[in-house]
Amino acid sequence: MTHANDIGTRTGAIAPDLRPAGTSQPALSFQNVSKEFAAADGTRLEVLRGVSFDVPVGEIVAIIGPSGAGKSTLLNLAAGLIAPDRGSIKVMGQDTRSPMDWRCVGYMFQDDRLLPWRIAVRNVALALEVGAMPAAERLRRAQDALELVGLGQFANAYPHELSGGMRSRVALARSLVGEPRILLMDEPFSRLDAQTRGSMQREVLRIQDMRHVSILFVTHDVEEAVILADRIVLLSPRPARVRRNIPVSIPQPRIGTGAAVALTAELRASLEADTIEEISA
Ligand SMILES: Nc1ncnc2c1ncn2[C@@H]1O[C@H](COP(=O)(O)OP(=O)(O)OP(=O)(O)O)[C@@H](O)[C@H]1O
Ligand SMILES: [Mg+2]
């Protein structure tokens, strides 16, 4: 497969720069957010307790934390799919409980969720089908988004004809086709092999650099967080609180550098300490 650095330089109809005029307000802001769910046995499951952090405009914020801590719940809150019990979530300064235009938010799920009976370009165009855009325009934009992620020549391929990495690119194109200002990514590359994952990570950095889209990225992989993020939010075990909020200013490319290796080791130790605390609690 072509290397991420060599591909997808054509931006087409997608806005070249999504940085808003005033950049002082964060793209995404969680303020004292708490969330409970009803557990299967009827009891309440406290998932988030007083979580506060921001995603500044044009930055990548990675969330790491133990399994079941509430990381996907945070993304679902940011996408307006669920509402907080307490606290507030603001998207570009607007409370998610007020009526708002959700097209500024893109969501890339852990599984690619491609429809097997649709060719790649029609899978990408699916994200535009909620609006009134004419079909030809939807397909043109979908083709542009595929070009952006380096898959322009595979527009007519069905998902089963694509490798895992290529399917991941189609899913990335689908999350970008609506020109979101904020991209929510839930462990999007966790099923890929190490080499393909590395190539997708470079792709995210390239697109983010080009578009200044603000990204909230959930990962189990501490090294991935260190490679990608401008800031890392470390959650405690459930009920999740923000255990650490760490700015990362290591220059890119970070992979394999002493600073990145040291930060990865330190964060792994923090996560492990939390897990031990949870088991012995
Ligand atoms: N809609 C829901 N209804 C009931 N319980 C839920 C719901 N969504 C999540 N939960 C529960 O909340 C807890 C946190 O779930 P969440 O998916 O946010 O964790 P996570 O940190 O993303 O976990 P993982 O690392 O395994 O992906 C889990 O115990 C989960 O079962
Ligand atoms: Mg999850």
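Between which strands does the loop that holds methionine 92 lie?

**View 1. Methionine 92 in the loop between strand S4 (86–91) and strand S5 (94–95).** The model is a predicted one, in which local features need pLDDT of at least 70 and side-chain atom pairs count only at pLDDT 80 or more, whereas totals for chains, interfaces and linings use all residues. Residues are numbered from 1 along each chain as its sequence is written, and chains are lettered from A and ligands numbered from 1 in the order in which they are written. Helices (H or I, at least four residues) and strands (E, at least two) are DSSP runs, numbered from the N terminus. Methionine 92 has a positive phi of about 45° although it is not a glycine.

**View 2. Glutamate 179 in the loop between H4 and strand S7 (182–186).** Glutamate 179, although not a glycine, has a positive phi of about 55°, and it is partly exposed, with 16 other C-beta atoms within 10 Å.

**View 3. The packing of helix H4 (residues 164–176) and helix H5 (residues 194–211).** The axes of H4 and H5 are 10 Å apart and at an angle of about 25°, where axes are lines fitted to C-alpha atoms, for helices over the stretch in contact, and angles run from 0 to 180 degrees between N-to-C directions. H4 and H5 are therefore roughly parallel to each other, a term for angles under 35 degrees, as against over 145 for roughly antiparallel, 65 to 115 for roughly perpendicular and the rest for oblique. Gly164, Gly165 and Ser168 in H4 meet Thr196, Ser199 and Met200 in H5, contact being counted if the C-beta atoms of two residues, placed from the backbone, lie within 7 Å.

**View 4. The shell of residues around ligand 1.** Ligand 1 is surrounded by Phe37, Leu45, Val47, Ser67, Gly68, Ala69, Gly70, Lys71, Ser72 and Thr73, a residue being near if its C-beta atom, placed from the backbone, lies within 6 Å. Strand S2 (44–55) and helix H1 (71–78) are the elements that give two or more residues to this shell, and H1 gives the most, with three residues.

**View 5. The cis peptide bond from arginine 238 to proline 239.** Omega for this bond is near -5°, and proline 239 is found in the loop between strand S9 (231–235) and strand S10 (242–247).

Note on methods:
Buried ≥ 20, exposed ≤ 12 C-beta atoms within 10 Å, placed from the backbone.
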